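Please look over the notes below on charged side-chain pairs. They are set out as numbered points.

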Amino acid sequence: MKILFNHMFSYAVEARITDRNYAREFLLDKKIEEERIRDCKIKIPFSTEEMEKLWKSTEFVPFADMIVYACYSGWRPTELIRLKVKDVNWEENYIQGGIKTKAGRGRKVPIHSLVKHIVEKYYNEAVSVGSEYLFNDVTKKTGIGLSEDQYLSRFNKVMERLNFRLDLTPHYTRHTFITKAKSREVSMNDYILKLIVGHTIKDITEQV
């Protein structure tokens, strides 16, 4: 709520409705912060077993393959549904996109070899229906592309169909990618990981 008020007052100052951002002039009670930390759920990424189950379901559960792709790319859910056909570079094997932050916008995410066929499938579907967006529900005659609510609905249906944990949300795909990239098995270079997921690079040497 404090963040929301901060944005509202910033807008009000810019629109000259007020000359002060009151949201910046108060601090939250220490107990509130302690409660937030206590109630914060530890995000556990998709397990190996869950990923195997997802892979096996791609042929018969609609949109399961889209979730698999998300786990191999690290896009935020809002970024994933905004990817466009023109963003796919087949020659250099990457998709360019991203929103939210300066570091995240316009970044290039490699297409992993294991999920390339999934991208090709959605790419061809998008071209066939004349959609500018990469991910669509071609079973519907209207609504080219997917809204956040539509993607969430389809994600939840997959989770329910596979009897997955109730706490899983679309953002867990990004968390799964980052966790896997940092694992001992993969050990992705931290600089490369930041470039792919759109995290700010603060180290001056890395920036250069």
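1. A salt bridge here is a side-chain nitrogen of Lys or Arg within 4 Å of a carboxyl oxygen of Asp or Glu. By that rule the structure holds 11 salt bridges.

2. This is a predicted model, in which local features need pLDDT of at least 70 and side-chain atom pairs count only at pLDDT 80 or more, while totals for chains, interfaces and linings use all residues. Residues are numbered from 1 along each chain as its sequence is written, and side-chain values use heavy atoms, with hydrogens and water left out.

3. Arg165 pairs with Asp167 in a salt bridge whose closest N and O atoms are 4.0 Å apart. Arg165 has 26% relative accessibility and counts as partly exposed; Asp167, at 29%, is also partly exposed. (Buried means under 20% relative accessible area, exposed over 50%, and partly exposed in between, with a 1.4 Å probe and protein chains only.) Glu50 joins Arg165 and Asp167 in a network of salt bridges.

4. Arg107 and Glu79 form a salt bridge with closest N and O atoms 2.7 Å apart. The pair links distant parts of the chain, 28 residues apart: Arg107 lies in strand β3 (residues 107-110) and Glu79 in helix α5 (residues 77-80). Helices (H or I, at least four residues) and strands (E, at least two) are DSSP runs numbered from the N terminus. Both Arg107 and Glu79 are buried.

5. Lys86 forms a salt bridge with Asp87, and the closest N and O atoms are 3.7 Å apart. Lys86 is exposed, with a relative accessible area of 68%, whereas Asp87 is buried at 16%.
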